[in-house]
Amino acid sequence: MRLTKFTDLALRAVMRLAVSEQTGPLTTREVAEAMDVPYAHMAKAITRLQHLGVLEARRGRGGGLGLTGLGRQASVGWLIRELEGQGEVVACDGDPPCPLRGACRLRRALADAQEAFYASLDALTVADLVTSPTGPVLIGLTGRRTE
Ligand code: SF4
């Protein structure tokens, strides 16, 4: 199973912001630079994470992006499900649709495998993702303040 680039960017942002208590809050541009991805792509991912209630923007002096309580405790399986949406791993109903789609054992097996993939990530939290060795590396990825 392969995650979309959008999901990967969102997970990178979440991991970077999960250590922001140790480095200070970041702007969207700083997160993009720290993760070495285009600003516009990161901005879309961060907007989606805000809609999910995982991130919030704090205004004023010392403000910036940070994880919410939900974001810190979120299950990685839940987060990836939300970011990936309800799509199947194969486009059975594509254009043209597959003639087997109404009675395909492979489709059911792939759906079960997809659920098993997500379920294997359900016990993992965002906080778990930023323990050593990942956390110290993330802390070093500060980005450059350009706005
Ligand atoms: S063979 Fe089955 S899994 Fe593959 S596209 Fe057709 S319906 Fe979907």
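The axes of helices H1 and H4 come within 9 Å of each other and cross at roughly 75°. Angles of 65 to 115 degrees count as roughly perpendicular, and H1 is therefore roughly perpendicular to H4. Two packed helices are described in just this way, by the angle between their axes and the distance between the axes. The model in which this crossing is seen is a predicted one.

The residues that form the crossing can be named. On the H1 side they are Phe 6, Leu 9, Ala 10, Ala 13 and Val 14, and these meet His 41, Met 42, Ala 45, Ile 46, Arg 48 and Leu 49 in H4. In soluble globular proteins, nonpolar side chains tend to be buried together.

The wider setting of this contact is the chain as a whole. The chain has nine helices and two strands, and from the N terminus on its elements run α-α-α-α-β-β-α-α-α-α-α. Its C-alpha atoms fill a box of roughly 60 × 30 × 25 Å, taken along the principal axes. Of the 147 residues, 22% count as buried. Among contacts between residues at least 6 apart in sequence, 67% join residues at least 24 apart.

The largest nonpolar core contains 27 residues, of which Ala 13, Val 14, Leu 17 and Val 31 touch the most other members. Two or more residues come from each of helix H1 (5–18), helix H3 (28–35), helix H4 (39–51), strand S2 (64–67) and helix H6 (76–84). H1 gives the most to this core, with seven residues. Ala 13 illustrates how these elements meet: leaving aside its neighbours within four places in sequence, Ala 13 is in contact with Val 31, Met 35, Met 42, Ala 45, Ile 46 and Leu 49.

H3 is mostly covered, with six of its eight residues buried. These are Thr 28, Glu 30, Val 31, Ala 32, Ala 34 and Met 35, and they pack against H1, H4 and S2. After H3 comes Asp 36, whose phi is positive, near 60°.

Which residues are around the ligand? They are Val 90, Cys 92, Cys 98, Leu 100, Arg 101, Cys 104, Leu 106, Arg 107 and Leu 110. This shell divides into seven nonpolar residues, no polar ones and two charged ones.

Key: Residues are numbered from 1 along each chain as its sequence is written. This is a predicted model: local features need pLDDT of at least 70, side-chain atom pairs count only at pLDDT 80 or more; totals for chains, interfaces and linings use all residues. A residue is near a molecule or strand if its C-beta atom, placed from the backbone, lies within 6 Å of it. Ala, Val, Leu, Ile, Met, Phe, Trp, Tyr, Cys and Pro count as nonpolar, Asp, Glu, Lys and Arg as charged, and the others, Gly among them, as polar. A nonpolar core is a set of buried Ala, Val, Leu, Ile, Met, Phe, Trp, Tyr and Cys residues joined through C-beta atoms within 7 Å. A residue is buried if 20 or more other C-beta atoms lie within 10 Å of its own, exposed if 12 or fewer, and partly exposed in between; C-beta atoms are placed from the backbone. Helices (H or I, at least four residues) and strands (E, at least two) are DSSP runs, numbered from the N terminus. Two residues are in contact if their C-beta atoms, placed from the backbone, lie within 7 Å. Axes are lines fitted to C-alpha atoms, for helices over the stretch in contact, and angles run from 0 to 180 degrees between N-to-C directions. Angles under 35 degrees count as roughly parallel, over 145 as roughly antiparallel, 65 to 115 as roughly perpendicular and the rest as oblique.
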